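Dear colleague,

Please find the structure below, handed over for your use. My notes on it follow.

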Number of protein chains: 2
Amino acid sequence: MTFVPDNLIADVAAGTSLRQAAAMAGIELKSACGGEGTCGLCLVRITEGRQAARSAGGNVAPRRRREGYVPACRTSVQGDMTVEVPEFARLAQHRVLVDKIRSREVLTEEEADVVGRFGLQPLLRRLTLKLDCPTLTENASDWARLVAALRREAGLGALTFTAGLATLSRLPSALRRGEWEVTVWLMGWDDIPAQVTVVDVAPGQPTGPDLGLAVDIGTTSVVTYLVDLEHGETIAARGTFNHQAHYGDDVITRIIHASEAPGGLGELHEAVVETINELIDGLCLASGVSATSIRTVVASGNTTMEHLFLGLPPDFIRLEPYIPLAVEFPIVTAGDLGLRTNPSALTRCVPSVASYVGGDITAGVLVAGVAESDDVTLFIDIGTNGEMVLGNRDWMVSCACSAGPCFEGGGVTHGLRAVPGAIERLEIEPDYEVRVETVGGAEPRGICGSGLVDALAKLREVGIIDRAGKFQKVDTPRLREGPDGPEFVLYGQADAGAASGDPPVAREIVITEADVKNLIRAKGAIYAGIRSLLGAVNLDLQAVKRIYIAGGFGNYLNVRDAVRIGMLPDVDPSRYRFVGNTSVKGARAALLSRKAFETCRELASKMTYLELSAGRGFMEEFVSALFLPHTDLTQFPSVQG
Amino acid sequence: MTFVPDNLIADVAAGTSLRQAAAMAGIELKSACGGEGTCGLCLVRITEGRQAARSAGGNVAPRRRREGYVPACRTSVQGDMTVEVPEFARLAQHRVLVDKIRSREVLTEEEADVVGRFGLQPLLRRLTLKLDCPTLTENASDWARLVAALRREAGLGALTFTAGLATLSRLPSALRRGEWEVTVWLMGWDDIPAQVTVVDVAPGQPTGPDLGLAVDIGTTSVVTYLVDLEHGETIAARGTFNHQAHYGDDVITRIIHASEAPGGLGELHEAVVETINELIDGLCLASGVSATSIRTVVASGNTTMEHLFLGLPPDFIRLEPYIPLAVEFPIVTAGDLGLRTNPSALTRCVPSVASYVGGDITAGVLVAGVAESDDVTLFIDIGTNGEMVLGNRDWMVSCACSAGPCFEGGGVTHGLRAVPGAIERLEIEPDYEVRVETVGGAEPRGICGSGLVDALAKLREVGIIDRAGKFQKVDTPRLREGPDGPEFVLYGQADAGAASGDPPVAREIVITEADVKNLIRAKGAIYAGIRSLLGAVNLDLQAVKRIYIAGGFGNYLNVRDAVRIGMLPDVDPSRYRFVGNTSVKGARAALLSRKAFETCRELASKMTYLELSAGRGFMEEFVSALFLPHTDLTQFPSVQG
């Protein structure tokens with residue numbers, strides 16, 4: 001059985017329920033009835049092999065039934081099938097994405113530091129005012145009375161105030177129900193000087209927190225932080241897979257869907273909004289707050305994701321000369337986007353730099369403080385694309401290179417995202433025996449990005465592959481001829497049996513020669529990007545004082561192995577720092593500080609974008625990097641030694 | 001048969017079709033099939049006496065059928081009934097409202113003068129730009145490229161540009177379809193300095209005009225002008241009854257409906273939007289333009305109407321101390337309001353002054369140029385309320401007094417709006433014989449405001465009523481005892497028979513003693529308002545150099561009679577000027593000139609509002625004015641003489 005979108009596999013006996021099978025694959029489903037089929041929560045959809053299912057009834061809401069859902073507890077397996085497990089039926093399974101990131105962060109101190117650097121001056125401000133009661137002679141309108149009080153009492157005399165119709169509509173009753181004591185929520189940005197939006201009004205002094213939502217919209221996963229705007233505290237965090245994955249794994253496929261499928265742009269827009277909405281529901285449930293307390297939203301993502309989040313056509317991002325519609329986006333209300341926060345919550349994206357250097361990178365550069373130092377820093381975010389920024393206080397140059405999906409579990413035979421059961425570390429002994437470590441310590445089901453970097457380094461170390469990635473003749477049963485050519489068994493029947501005495505593993509995990517070639521191309525692209533950036537500013541690697549590695553991949557990466565395969569530069573390991581998901585952290589900083597948001601705008605406009613496809617420099621660097629570690633061994637002295 | 005909302009009556013033979021009956025009542029219905037029942041255009045709704053109708057089939061769209069419509073040409077009359085004739089089924093019948101106003105305007109020269117005074121600098125501006133084609137190295141985003149060109153080529157360097165998501169969405173294809181030649185529509189106001197909204201974009205140099213819609217939202221009727229923004233020409237004008245009338249005739253009833261009926265506010269909002277939409281359809285049909293050419297809207301109306309137009313709750317306008325939600329309103333898109341113009345057309349209301357001095361008065365003061373003269377001017381708009389402004393270049397004071405519905409055809413026995421068949425002028429001979437003139441020369445069906453003023457003056461002149469409005473014993477069969485006390489027959493069986501020899505008139509038209517008392521209260525309120533304004537600034541009538549009479553009523557008013565009954569001040573008639581519908585003209589001026597809009601804002605904030613219910617001054621003036629012409633005859637020397 002295969003469970004999607006996780007791509008987890010379970011080998012189960014005929015008659016096993018889909019709910020049990022999912023649990024064996026590491027996916028816990030919601031349930032309130034304990035498998036009696038009455039609560040209607042553990043819903044899944046059989047996408048392939050429907051004829052191999054046996055149903056024993058069970059409760060499914062009519063709408064869900066029409067959508068093809070069946071109750072996992074009342075449906076049993078009789079043969080091969082593929083089952084889609086929707087986010088809404090999962091028991092908080094994906095929080096791991098966020099929790100892992102948080103527990104392994106290196107920048108925790110720097111993170112608190114952001115508030116220190118920019119000050120706690122949230123985009124949203126709450127004020128309670130006592131207004132004079134109107135009389136026949138003091139008969140200014142409600143709005144004029146409020147504005148006069150804001151100017152007078154709150155010292156905002158020089159500002160212009162605006163409010164949307166929905167907020168205005170609530171003003172008369174708020175003033176009178178509060179007997180002319182009223183609380184207002186104000187939002188302002190430094191780049192729209194002298195103008196403040198009254199986002200909401202309420203009678204008296206309402207209790208309850210003012211919250212902001214920081215959103216990192218990744219192509220693969222979406223991560224949200226719920227932030228208390230008064231104290232700067234992150235009260236809950238949650239992540240899940242981006243539902244847009246249904247329309248394709250990478251940005252290019254999604255752009256094509258948005259451009260060419262009828263209604264495709266709307267589908268992608270709704271998919272990401274629904275992803276965020278599910279996270280909002282979960283955040284509110286977990287922290288016991290009302291979604292209407294969420295009064296402002298800052299989102300950051302790659303340029304395509306920001307377009308799709310706002311429903312803007314990203315068509316020309318994928319076509320030479322790769323032009324986005326915009327890199328700075330208008331302020332919209334959450335209600336207009338369909339977000340299930342307070343509908344009047346103003347929503348803004350962190351500005352992007354160019355088609356392939358997005359707001360997530362701007363946010364990362366903010367969090368890493370690249371532009372606050374005299375020293376030159378290299379900031380790298382490795383995913384399907386490798387985005388990187390090189391610079392200091394005076395200048396910044398950025399670029400993006402296509403690494404392909406290898407490091408996110410795609411494009412290699414047994415690739416898997418960093419979900420439980422994915423091999424994230426491995427060792428190969430001189431006798432070719434293999435030791436693996438998996439995410440969550442679960443039985444190995446595949447291999448994720450950091451495991452692949454390890455595998456490549458270790459295969460080379462013990463001589464199974466040569467510098468070009470070609471398999472050598474080595475005497476071990478792990479090296480064999482597979483259906484696609486030579487392959488090396490990382491985890492086989494023997495490994496499972498030896499470890500536990502349990503029944504044979506569901507499938508073996510191998511790495512093929514073709515996988516190795518793919519990995520070499522991926523690591524070569526990253527390294528060539530770094531070299532191109534350095535070349536563009538005519539700098540030597542030794543000038544780079546710090547290298548920040550951002551993104552989910554970065555958290556698990558073995559730097560020494562990444563250097564050994566020639567993916568990352570061979571400098572003193574102490575120069576490397578893992579900074580985790582700087583996209584969501586930067587969005588959070590922008591929520592907490594107008595100055596941080598303004599700094600994002602400055603950073604985005606300050607970064608020079610280097611289009612690697614213009615000119616031959618990148619291609620030459622790339623070709624040189626297609627060896628382990630590189631054609632020019634002098635660039636990797638520690639590996640050579 | 002009674003036709004509503006016109007309140008027109010027709011006496012027809014059994015078997016007459018509703019279409020013929022409507023024509024006899026002066027209402028022409030649309031038709032494309034000549035009465036064959038196939039075109040589905042001449043739809044009406046029988047609101048009373050449905051059992052008296054006979055149907056012979058005919059085509060009606062299913063939606064209209066569900067709404068209760070029947071084809072007028074295929075439905076015949078067998079007895080008394082009341083038939084509602086919807087605006088959409090009328091053959092431009094209500095253009096009379098506009099055409100009459102236009103043909104009788106006194107200010108036609110001043111109207112053209114507005115452009116002279118403020119300059120033709122429309123709120124909306126169209127620009128065509130040639131952009132540089134992007135390359136791999138010149139790869140700014142589409143929006144950044146557009147803004148750079150606007151700054152450089154259009155000399156708008158100091159401005160900030162914004163655009164909504166809908167407009168942004170169209171940018172990439174517009175740029176590429178036009179091969180980097182693009183036309184943009186920009187809107188800006190002087191009170192939001194340095195910020196310009198890009199309202200729309202289109203490839204190349206599209207043809208077709210740029211139009212603006214000026215809307216006067218009256219409680220009773222709505223009038224629209226379609227304006228060519230390039231040349232300042234009004235290309236079409238159209239008016240109709242405000243569909244809100246369904247929910248009550250006056251603002252107070254409508255506020256109660258908005259406040260207390262579930263969904264009432266939405267109903268009133270939709271009713272006025274639908275009224276305007278029908279007018280837009282008609283304007284576009286008549287002038288052969290597309291509604292998408294309408295790219296900006298300025299609306300003016302009384303304060304309650306502006307609230308309802310925007311869907312804002314007007315609840316507290318009717319409750320002491322009479323506080324509106326706002327007097328200046330946010331800029332919204334036509335799409336958000338539901339207007340059938342270009343959905344991105346920005347829509348703004350002319351600022352109001354207070355709960356009972358609205359944007360229509362601000363617009364009137366603009367058009368009349370009250371604040372442009374050293375001389376003191378009195379501006380009066382007489383409808384259900386009498387709103388007036390007194391002032392000059394240095395100061396302005398305004399007030400509103402409740403005149404009741406008399407002058408708009410309500411609250412008197414045979415009152416009628418100024419529709420065809422309404423008596424608008426009359427003479428009473430010394431022998432008590434009566435000569436009447438009706439709107440459109442049709443058979444008399446009722447009496448409108450100007451006819452009532454005439455009637456009051458003439459009844460007093462020939463001695464039928466005394467100074468208190470009490471009927472005297474006079475020897476004429478026209479004076480008789482009616483069901484509600486004494487009444488005077490203005491138009492009876494004898495008048496009709498004598499004139500034409502036709503069958504007897506459908507109904508006689510009388511004026512009762514109660515009607516006379518109502519009229520005296522109405523005229524007394526107007527005069528007391530004028531006196532209160534003068535008193536507030538301690539000025540004598542002789543200081544007032546010009547008196548402007550605005551509003552539909554003003555067009556038909558006999559000033560000499562209005563002075564005789566003590567409604568208007570007894571000054572040299574040459575000081576009076578009729579200025580027609582200054583509300584729609586002011587809205588038009590604001591469309592054509594940013595400076596005019598800005599002047600409206602200044603005027604509204606400059607006008608001091610005098611709340612007549614605060615203090616006893618008004619009440620004393622009112623009581624003194626409840627005689628014909630007044631208790632103090634020295635105030636009316638020409639009448640005394």
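How many Å separate the centres of domain 2 of chain A and domain 3 of chain A, taken over C-alpha atoms? The separation of these two centres is 30 Å. Please note that this is a predicted model, in which local features need pLDDT of at least 70 and side-chain atom pairs count only at pLDDT 80 or more, while totals for chains, interfaces and linings use all residues. Residues are numbered from 1 along each chain as its sequence is written, and chains are lettered from A and ligands numbered from 1 in the order in which they are written.

Domains of chain A

The assignment for chain A gives domain 1 (2-89), domain 2 (95-118 + 209-349) and domain 3 (124-203); such bounds come from an automatic or database domain assignment. Where domain 2 of chain A meets domain 3 of chain A, nine residues of domain 2 and ten residues of domain 3 take part. Two residues are in contact if their C-beta atoms, placed from the backbone, lie within 7 Å. On the domain 2 side, two of the residues are nonpolar, five polar and two charged. Here Ala, Val, Leu, Ile, Met, Phe, Trp, Tyr, Cys and Pro count as nonpolar, Asp, Glu, Lys and Arg as charged, and the others, Gly among them, as polar.

The two chains

Helices (H or I, at least four residues) and strands (E, at least two) are DSSP runs, numbered from the N terminus.

Chain A superposes on chain B by a rotation of 180 degrees with 0.1 Å of shift along its axis, at an RMSD of 0.4 Å. The two copies are thus related as by a two-fold rotation axis. The superposition is by least squares on the C-alpha atoms of residues with pLDDT of at least 70 in both. The same surface serves both copies, since 100% of the contact residues of chain A recur in chain B.

Helix packing in chain A

α5(A) and α6(A) pack at about 80 degrees, with their axes 10 Å apart. Axes are lines fitted to C-alpha atoms, for helices over the stretch in contact, and angles run from 0 to 180 degrees between N-to-C directions. These two helices are therefore roughly perpendicular to each other, a term for angles of 65 to 115 degrees. A:D142, A:W143 and A:L146 of α5(A) meet A:L168, A:L171, A:P172 and A:L175 of α6(A). Six residues of this contact are nonpolar, none polar and one charged.

The sheet of chain B

Chain B has an open sheet of six strands, in the order β14-β13-β12-β15-β17-β16, with mixed pairing. β14 (234-241) and β16 (332-333) of chain B stand at the edges, each with a single partner strand, so one side of each is left without a neighbour in the sheet. Two strands pair if DSSP finds at least two bridges between them. β15 (residues 294-301) and β17 (residues 346-349) of chain B pair in the parallel sense over four bridges, and B:V298 stands opposite B:R348 in β17(B).

With kind regards

Key
Angles under 35 degrees count as roughly parallel, over 145 as roughly antiparallel, 65 to 115 as roughly perpendicular and the rest as oblique.
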